[in-house]
Amino acid sequence: MQAEYLVGRDAELDLAMEILRQEGAGAVLLVADPGIGKTALAAEIAARLAGEMVVMRVHGSPALSAVPYGVLAPYLLDLPVEQATSPVAILREFWSQFEKRRGGEGARLLLIVDDAHDLDEGSTQILAELVTAGWARLVATSRPRPGLPAALLQLWYDGLAERLELHPLDKQTVTELAEKTLGGPLMSSAAEVLHSASEGNPLLLHCLLEDSKSEGNLVRRNGVWLLTRALSGSGESLAEVVRNRVLRTSEAEREAMYIIALSEPVPAAVLDTQVGRDTIRALMDSRLVLSANGAGGPLRMWHPMYSEALRKIVSPARSLQIRQRMEQQLPTEPSTAEGLLRQVSWALDCGADVDDERLLRAAFLAAKLLQNPLAIAAAGKVRSEALRPRARAVMAMVHYNDGDYRSAIRLLEEGSGFLDDDPSRPLGAGLLWAASRTAAGDQSADIVADARTAAKALIGERETSDPVVQHVERQARALELAVLANDGRYEELHDGLGRFEEAIRHDGPNRAMDRIFLLAMQCELLTVEGHPVQALEAGREALLLLENDNDLLYFSDFVLLRYTLAALESGDWEAAATALDRYAAGSAMGLIYFGGGIEALKGMSLLRQGRLEQATELLTPAVEALRVRDPLQLRSLGNALAFYAAAKSGNTVPARRLESEQGAAAGAFVEALAELFRLAGQELLSKGTGLQKLSRLPESGDLHRLPGILMQNLVLRAELGDVQAMESIQETASSMDGGWAAGWQSMAVAQLRGEGQGLVNAGNLLAASGMPGPAAVAFDKAAETFDAEGKRPEARQAAVLRDVSEASLGDALVHDPHTEADRSVPLTRREQDIVALAVSGLTDRQIAEKLMVSVRTVEGHLYRSYAKLGIRRREDLGSAVRH
């Protein structure tokens, strides 16, 4: 475990070694919160210097902090009792013990002091004097609070010591540490969850990894580690760490921690009356408890996982006892969402009564934050018949996200059904019902017929002018429009949206829900029609309306997916990334539930930018995650993208495995995109099997003639070498908006004209649009054109621009594979090793793990190797090396 704590600590380790080896006095003071790795770093320093110095260890202890020289007792066994309080005698005896260990070889003394914040004053003074006199080197570890003893701080003030503060690990280092511990690659979204949950604390990270593996939440699929469920604070590894810390506190401190863990955030004044201010101050000094909003703010445990672990330690009877004592002192209405959820969860655990309105609010909030067990528990306790439909909708949302579509349908159809007859409190359960029916594989005609039947039953004998009738009819019509989009009947959708917009033109209490749905549908329609910039505007307006309406289920996911697809179609990579980040904005659980879909869409973005290798690294694990959970219905697209990326990268084994895999698709638009990438992948894998089918698709029906789909078809064909596709790109892109289409249009125009300067201009536009891959191709063709015309300076300049674009990719080179290799510059030994591993089929990440280097180092070596071998693609390495 010690080696794991040292990941990302090279700079601190090197600096400490330099300080301790220098002439004169030298000390290193390591300050960090518990679990960050200060003890492991001190131990590593001692291990490295053990051959040069005599190491003597001192361990601070709360039990000995009030005992003068207590921590030095192991070295004072021969000291006469009457001299036990004499600093001079103690110093002399301590030095005598060192001389015995040194054995006359002249080695220097290295003092390793752990938990220096718990040292007594006398011991601290002895250690400081040894350093000041130049007789010893010192490495001391301490927590920020209560902090280093005054005597050791004085060494720092006097310039005799260096204070090194160890900070939590960043996401990249957490990923590296986790992959080293697990022995394999970790899905990017899982790494984000672990970084968020551990807050970069190596000890907590280790506990989470161990507990998640043992509980089956962290699993390995086809070599990739991914999270299938929420991280738990109830595992044995974490419980052991928490128990060890709790046992080292006083009874009053333990009581305070139990109260905070059960009811956090707790007003400081309330806790003062229960345990006293001194107890709270002691816990804050030990960094076990934090003030949520600075000094005087509500109190919480220093880490959420500690809270969960503590709640598991407290018996139900003890929890109930604490609740009864605290009930009158805690706020009736919690000031935060977190407070509401904790209050309701605690009440349910104790069997206490909670009113239905509060249960429903907690259930809604828990469902949005993907705290599914609490959402189910709270919604299941709602007794009011008036509120039960909303409670069932919450439970249905949970089942939908878990992939249990039939249970979601059953809950939504129970009672008064999935259509809402209260215009003043729109829920939007109908859209969730339609999505569940579609995901379950039901026929569109049946879904529409059942929606109409439900609407008629709900309307009954009411007059058509009744607001309830209008509200129900609009819901039923909305479901029909959603089905039209799902089936790809966009011409009918266009007409239907016009009528729907007219119907909701008049203001009403339910206008926001209808407006959001309309904008989401317009966003999808405009995207497939080739107007993604306009689609983005519609999507932005829908998202803005959603921020002001927190009671709509499923709508957020419905809108975000369409907005992201519009951003990708327009070439607004930043907008797409920002939208995908929103899935995890409220809770890290979003990365567990939506991680596969998020990474599939990020992979598509990277492919359109020409960043093949980065896309492959995301898409391969995304497929595994989508097999487990796919609430966005993107498995079909994810499989197709991963297959295409693997085939294009020359990774035939995973490509063959992915070739026949299918999956759910979020409607006809997404499935059409998936089909395009599948056919392109087939062409790359077996020439002549996919390109012809791609060329015929526009003839197969109206869907594949829509610009938003046709453009992707043409781009894939152009990248496969279809010259005719370039002619069609020029025509199709001219009717579209957005940087992606504009960049490819400029490429098509320049290539068809065969003008070097036009290709340079196209490359510049593509590069400015965030597409370095296609830009490099344009610059390469420009260099070829200039060279053929004898324009050597222009050719060299184009080649430089190509190299700049390629350097920004981090992927394989893309220029002419027939360039003469520069055999006068041989591959270095390291380049030979990396090329050999690449030829054997390993990815850059696998090579990096095998050689213990970074992925970027591998990419750099391959980049230079391609240039020396005169190739542009990874799959050309084998033949180039054989020659």
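Asparagine 651 is buried in this predicted model, because its relative accessible area of 16% falls under the 20% that marks the limit for buried residues. Its place in the chain is the loop between α31, which covers residues 635-649, and α32, which covers residues 652-659. When the neighbours within four places in sequence are left aside, asparagine 651 is in contact with Thr616, Ala646 and Gly841. Leucine 685 lies 34 residues from asparagine 651 in sequence, while the C-alpha atoms of the two residues are 9.4 Å apart in space.

A separate part of the description concerns the sheet. Five strands form an open sheet in the order β2-β3-β4-β1-β5, and their pairing is parallel. The edge strands are β2 and β5, each of which pairs on one side only. From one strand to the next, the twist averages 15°. Helix α3, made up of residues 38-49, packs on this sheet and touches β1, β2, β3 and β4, and the direction of the helix makes about 160° with that of β4.

| Strand | Residues |
|---|---|
| β1 | residues 26-31 |
| β2 | residues 53-59 |
| β3 | residues 108-114 |
| β4 | residues 136-142 |
| β5 | residues 161-165 |

Strands β1 and β5 run parallel and are joined by five bridges. Which residue of β5 is the bridge partner of leucine 29? The partner of leucine 29 in that strand is arginine 163.

How values were computed
Residues numbered from 1 in each chain as written. Predicted model: local features only at pLDDT ≥ 70, side-chain atom pairs only at ≥ 80, totals over all residues. Heavy atoms only, no water. Pairing = 2+ DSSP bridges. Helix = DSSP H or I, 4+ residues; strand = E, 2+ residues; numbered from the N terminus. Axes fitted to C-alpha atoms, helices over the stretch in contact; angles between N-to-C directions. Contact = heavy atoms within 4.5 Å. Buried < 20%, exposed > 50% of the residue type's maximum accessible area, 1.4 Å probe, protein only.
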